[in-house]
Amino acid sequence: MRTLLILLLSVPLVLCGHLPKKYLLDSYLNNPVVKNFMEYVRIDTSKEENLELAVDFWKRKAQELELDFNVYYPGGLPICVLSWYGTEPSLPSIMLNSHMDVVLVEEEDWTYPPFSAHMDENGDIFGRGTQDDKDVGIMYIEAIREMKKNGIKLKRTFHMTLMPDEERGSRRGMVKFIETKEFKDMNIGFALDEGPVSPGDNIEIMYQDKRPWQMKFTTRGPSGHGSSILASTAMEKLFKLIGVIGTYRDEQKAIMRASDPLDFGAYTSVNVNYVRGGAVPNVIPGRVELIVDTRLAVSTDVTEMSNRVSSWLQEAGNDTSVEFVRKILVSKATKIDDSNPYWVIMRDAVQELGIQIDPIVCPATTDMINIRQLGIPALGFAFKPRTEIRYHAANEYLNVDNLLHGVTVYVAVLSRLGNMSDVAYVQ
Ligand SMILES: [Zn+2]
């Protein structure tokens with residue numbers, strides 16, 4: 001009834017060219033692409049137990065579009081694969097990857113509930129995962145829907161892969177999946193994955209990830225009464241450790257500031273993200289833990305970095321140890337020159353739409369680090385221009401126009417990629 005009323009009211013207004021915002025927003029709420037996006041965002045996949053709800057969602061989308069649907073559990077968590085077979089299925093396939101999981105929220109910092117997918121009067125849809133990375137999954141599937149609706153048939157097979165555990169390092173997701181027969185049987189020639197938000201008009205395409213070194217340090221020392229001043233306490237060592245790491249962080253900050261703002265590979269990011277130790281005010285703790293997240297600059301030599309970490313331990317003092325939460329030594333780059341036919345096709349398809357692209361090193365790490373290690377070219381790409389960067393932050397959002405425009409961008413890109421004949425890529 002409401003829809004009918006909106007239609008009746010909006011038709012003459014559209015003709016007059018004076019469509020009031022409210023009616024425009026209502027029509028968005030009835031748009032199936034927007035509805036699907038909102039439904040997906042409303043599944044709280046920050047909780048592992050809700051991943052099965054996302055699996056149900058993708059199973060329904062596969063059924064609607066008559067795509068092949070499979071779910072695998074190589075690491076105990078679900079991985080969905082939606083396959084749209086090409087007319088020449090022996091050609092290497094195209095992987096369209098995104099992750100279903102999202103990071104936790106601190107709900108009190110949000111203007112609207114983080115899993116409500118609330119759309120405000122500007123058409124901004126708020127919710128955890130709207131930028132990272134549920135937007136991409138919806139843009140892929142809606143682009144496939146659009147192409148199928150228009151009777152487009154492509155030579156190559158597309159495999160839409162939906163991963164769990166990306167935000168925790170992919171050990172129960174992509175890392176396990178690439179070892180399976182099912183993955184190898186997909187015969188992937190090229191992969192697309194999540195891309196960054198761009199504050200400006202240009203779109204950034206990621207061709208390499210930074211190597212994560214996430215370290216848990218433990219300092220130890222004598223425990224005792226809170227009124228004493230003991231030598232070499234765990235806290236004293238922690239201060240030294242934070243001091244020396246802070247000095248290194250300042251150096252890297254200076255390199256970052258002196259570099260091109262898009263040159264994320266120029267510096268090593270360093271952040272102390274977790275400190276735990278002590279229980280009550282009057283007891284000196286015998287043990288303190290510190291977790292440091294670093295993402296290495298492209299040029300950083302791993303031996304040099306290992307030596308640096310050893311020097312931090314020495315600086316902190318005896319009985320200080322480190323264990324790695326995550327440590328990747330090598331991160332291969334996908335070529336972004338004329339020798340890579342996939343890059344050429346992507347670049348041309350996007351530029352023909354009048355969109356300028358900047359190739360960048362990903363400031364963080366994505367599932368593509370695992371794919372590139374296999375020698376498969378992979379790019380991180382998404383259409384999110386003129387958007388404030390809010391991944392992992394409160395009030396993460398995506399504008400509805402951006403979502404809908406993004407689908408048309410993917411149609412242009414995927415229809416070109418899907419019709420590529422066999423090509424050679426040498427890393
Ligand atoms: Zn992500």
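Why is helix α3 (residues 32–41) largely enclosed by the rest of the structure? Seven of its 10 residues are buried, so the rest of the structure wraps up most of the helix. Buried here means that 20 or more other C-beta atoms, placed from the backbone, lie within 10 Å of the residue's own. What you're looking at is a predicted model, where local features need pLDDT of at least 70, side-chain atom pairs count only at pLDDT 80 or more, and totals for chains, interfaces and linings use all residues. Residues are numbered from 1 along each chain as its sequence is written.

Back to α3: the buried residues are Val 33, Val 34, Asn 36, Phe 37, Met 38, Tyr 40 and Val 41. Their cover includes α2 (21–29), α4 (51–65), β5 (124–126), α5 (134–149) and α12 (400–417). Those labels are DSSP runs numbered from the N terminus: helices are H or I with at least four residues, strands are E with at least two.

Now zoom out. The protein splits into domain 1 (1–29), domain 2 (31–209 + 331–417) and domain 3 (212–327), with bounds that come from an automatic or database domain assignment. Between domain 2 and domain 3, the C-alpha centres are 34 Å apart. Their contact draws 10 residues from domain 2 and seven residues from domain 3; two residues are in contact if their C-beta atoms, placed from the backbone, lie within 7 Å. On the domain 2 side, β8 (203–209) and β15 (357–362) are the elements that give two or more residues, and β15 gives the most, with four residues.

Next, the open sheet. Its four strands run in the order β11-β13-β9-β14, with antiparallel pairing; strands pair if DSSP finds at least two bridges between them. β11 (269–277) and β14 (320–327) are at the edges with a single partner strand each, so one side of each has no neighbour in the sheet. From one strand to the next, the twist averages 20°. Look at β9 (residues 211–220) and β14: they pair in the antiparallel sense over seven bridges, and Thr 219 stands opposite Thr 320 in β14.

Two helices pack on this sheet. Helix α8 (residues 234–258) touches β9, β11, β13 (287–296) and β14, and its direction makes about 165° with that of β11. Helix α9 (residues 302–316) touches β9, β13 and β14, at about 150° to the direction of β14. For these angles, axes are lines fitted to C-alpha atoms, for helices over the stretch in contact, and values run from 0 to 180 degrees between N-to-C directions.

Key. A residue is buried if 20 or more other C-beta atoms lie within 10 Å of its own, exposed if 12 or fewer, and partly exposed in between; C-beta atoms are placed from the backbone.
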